[in-house]
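Me: I would like to go through the terms used for this model with some care. For each one, please set the value against the definition before you conclude anything.

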Amino acid sequence: MHTRFIIATLVIMQPDRTKCKPAATGAVVPGASASTWRSAAAAALLAAAAGPTAHAQEYPSKPLVIVVPAAAGGPTDTLARNLGVAMGSALKQQMIIDNSGGAGGTIGINKAAKARPDGYTLLLYHIGMSTSPALYRKLPYDTVNDFESIGQVADVPMTLVAKKEMSPRTFSEFLAYAKANQSTLTYANAGIGSASYLCGLLLMSTIQADFTTVPYKGTGPAMTDLVGGRVDFMCDQTTNTTPQIKAGTIKVYGVTSQVRVPSLPEVPTLDEQGLKGFALVVWNGLFAPRGTPKPALDRLVGALQAAVTDPAFKTRLADLGAEPVPVGKATPESLRTLLKSEIDKWGPIIRKTGVYAD
Ligand code: MLT
């Protein structure tokens, strides 16, 4: 601002240089001539007029923060770090990940909702944005009205996985075993409202069984305990499970998408193994606090669209079983519409279970 103002002043004052010495602050010194006041007023008007544009031209002038409402090392963290690289290069700025996990993601979501709306704090979250309004009767933020939508990012299928010591080899063996041992089996997840919690809720109501759930601040730490055999099974996004499945450190019984995942061609869907119609793919969206300046939002939408079409980003996600959205979905309108329809979809399903987080 200061720099720009002086330049503007200098340009205007060219012909009349001898009369005016702009102060370090760019203000006009008392006792200056009428023409000096006029040109200074014109300069001030120019700078004011140039304000948002100046902001847009300079934005971003420092690193941005992406709030991830889940622990480090998990699927949303993995997606955020890859997105940060792709968008960071488009914005020519660093993007820092702030992992704020817990309470099914509502702690991190609230942190982003209350952040300064200056374009430097973003929120990357998923289907959990649409389940918490039904599960939490006292949410400290308004899921729809406290955020600006920037755009959808990627769709991530989930996988039903278990500790490698688990005896069943196939999904149908797992079903029989799980029903027979439901009083002792433990189901890991990232807390009420999270994607892993939602998948568990759907699975339990579909197979009519009830397991002890073990909540974590994210499925990153849950995966550590699953690999260590301290919890029995989990339903989690391929962006977190693929490396462990490929390493053979965990067992996999199926994917939750309606079609097989290219990076895990040998793993059948739960649908094709008899859970007809069972389908859950985790959408992910990028948000900013309500009131973030429009020029910044436009710049972020442009950078997001550059990211979802970035070959390196696409390849990285494909290796982890995920898919960046088509560029037409990396838009504010598309995410806004999706969020509303998902809130309307999951609300009745969740209310029917009678489960509340608070
Ligand atoms: C994570 O990153 O830990 C997950 O997104 C949590 C979840 O929602 O299951």
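Me: Which helices and strands each supply at least two residues of the lining of the largest cavity, and what makes a residue part of a lining?

Reply: Helices H3 and H7 and strands E3 and E7 (233-237) each supply at least two lining residues, and H3 gives the most, with 3 residues. A residue counts as lining if one of its atoms lies within 4 Å of a grid point of the space. This is a predicted model, in which local features need pLDDT of at least 70 and side-chain atom pairs count only at pLDDT 80 or more, while totals for chains, interfaces and linings use all residues. Residues are numbered from 1 along each chain as its sequence is written, and side-chain values use heavy atoms, with hydrogens and water left out.

Me: Why is this space called a cavity, and what is called a pocket?

Reply: On a 1 Å grid over the protein atoms alone, a cavity is a set of points where a 1.4 Å probe fits but cannot get out, whereas a pocket is an open set with protein on both sides within 12 Å along at least five of seven lines. By this rule there are 2 cavities of 30 Å³ or more, and about 120 Å³ lies in the largest cavity, a volume being the space filled by probe spheres set on points that are joined across faces, edges and corners. Its lining has 21 residues, and those closest to its centre are Ala-70, Thr-76, His-126, Ala-190 and Thr-219. The largest pocket has a volume of about 260 Å³; among the 15 residues that line this pocket, Pro-157, Val-261, Pro-262, Gly-321 and Glu-323 are the closest to its centre.

Me: Where does the ligand sit, and how do you know that a molecule sits in such a space?

Reply: The ligand sits in the largest cavity, which means that more than half of its atoms lie within 2 Å of the grid points of that cavity.

Me: Which residues are closest to the ligand, and what makes a pair of atoms a polar contact?

Reply: The ligand is surrounded by 13 residues, of which Thr-76, His-126, Ala-195, Ser-196 and Thr-219 are the closest, the test being a heavy atom within 4 Å. A polar contact is a pair of N or O atoms within 3.5 Å (within protein, one must be able to donate a hydrogen and the other to accept it, and residues adjacent in sequence count only if both atoms are side-chain atoms). Ligand oxygen atoms lie 2.6 Å from a side-chain N or O atom of Thr-76, 2.6 Å from a polar side-chain atom of Ser-196 and 3.1 Å from one of Gln-237, so each pair meets the limit. The protein buries 100% of the 270 Å² that the ligand exposes when taken alone, areas coming from the Shrake-Rupley method with a 1.4 Å probe.

Me: What makes Lys-92 worth a remark in terms of phi, and what is the peptide bond from Tyr-59 to Pro-60?

Reply: Most residues other than glycine have a negative phi, and most peptide bonds are trans. Lys-92, in the loop between H3 and strand E2 (95-99), has a positive phi of about 55° although it is not a glycine. The bond from Tyr-59 to Pro-60 is cis, with omega near -5°, and Pro-60 lies in the loop between helix H2 (34-58) and strand E1 (64-68).

Terms used:
Helices (H or I, at least four residues) and strands (E, at least two) are DSSP runs, numbered from the N terminus.
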